[in-house]
Amino acid sequence: MTIGMALAAIIASPGMANDSPANGFSQRLLAAHNAERANAGVPPLAWSEELAGDARSWAERLAGEGRMMHAGRDERGHAGENLWMGTSGLFSAEVMVGTFIAEKRHFRNGTFPDVSTTGQWRDVGHYTQVIWRETQEVGCAVVRNESDDFLVCRYWPAGNWYGKVPL
């Protein structure tokens, strides 16, 4: 088992209840999501071990290839997806999720895709997925390779749907 696979197994271990993250790091990832959702006035997310397992598989692929890319909709079972990458061991769960939340500075509530003050929905797409009212579950995993940590978060149901309002 590689170091990355071992870290992923710790962060998203199977067999936990669906409403409870597997460990402290997972709890912090969930808490960071839910703190921002509370700020936005939307219901909290529940932890999904199924989504975490899917996220772990994709994070292992990203770490193995050493690059970032989104899974296709079919590959992720039509779940939403946020990705993050940073130098191994330097970033907390709060900082990782915080990069998604930082896009809030460009967010304006409206009908998707008209939700960004920049005119580009991609400038707020991670943030809108975090706060998307209809999303109910999240599962995340981090896998480490020789130089970087790869965070994959999966969301169900997915957000960022054209013609819908995030909040």
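## A tour of salt bridges, a disulfide and a pocket

Start by selecting Arg108 and Asp114: their side chains form a salt bridge, with N to O at 2.4 Å. The model is a predicted one. Arg108 is partly exposed, at 35% relative accessibility, and Asp114 is also partly exposed, at 46%. Elsewhere, salt bridges with shared partners link Arg61, Glu65, Arg67 and Glu75 into one network.

Now move to Glu94 and Arg28. The structure holds nine salt bridges, and one of them is between these side chains, at 2.7 Å from N to O. Glu94 belongs to helix H4 (residues 93-101) and Arg28 to helix H2 (residues 24-40), so this pair ties together parts of the chain that are 66 residues apart in sequence. For Glu94 the relative accessibility is 37%, which counts as partly exposed. Arg28 is partly exposed as well, with a relative accessible area of 36%.

Then turn to the cysteines. The structure has one disulfide, which joins Cys140 to Cys153 with an S to S distance of 2.2 Å. Cys140 is in strand S3 (residues 137-144) and Cys153 is in strand S4 (residues 148-156), so the bond ties together parts 13 residues apart in sequence. View the pair along the S-S bond: the torsion about that bond is about 110°, so the disulfide is right-handed. Cys140 and Cys153 are both buried.

Finish at the largest pocket, which contains about 350 Å³ of space. It is lined by 16 residues; select His70, Arg76, Glu81, Trp121 and Asn160 to see those closest to its centre. Then colour the secondary structure: strand S2 (80-87) and helix H5 (125-131) each contribute at least two lining residues. Colouring the lining by class gives four nonpolar, eight polar and four charged residues.

Conventions. Residues numbered from 1 in each chain as written. Predicted model: local features only at pLDDT ≥ 70, side-chain atom pairs only at ≥ 80, totals over all residues. Heavy atoms only, no water. 1 Å grid on protein atoms, 1.4 Å probe; cavity = no way out; pocket = protein on both sides within 12 Å on 5 of 7 lines; lining within 4 Å. Points joined across faces, edges and corners; volume = space filled by probe spheres on them. Helix = DSSP H or I, 4+ residues; strand = E, 2+ residues; numbered from the N terminus. Nonpolar A, V, L, I, M, F, W, Y, C, P; charged D, E, K, R; others polar. Disulfide = S-S within 2.5 Å. Buried < 20%, exposed > 50% of the residue type's maximum accessible area, 1.4 Å probe, protein only. Salt bridge = Lys/Arg side-chain N within 4 Å of Asp/Glu carboxyl O.
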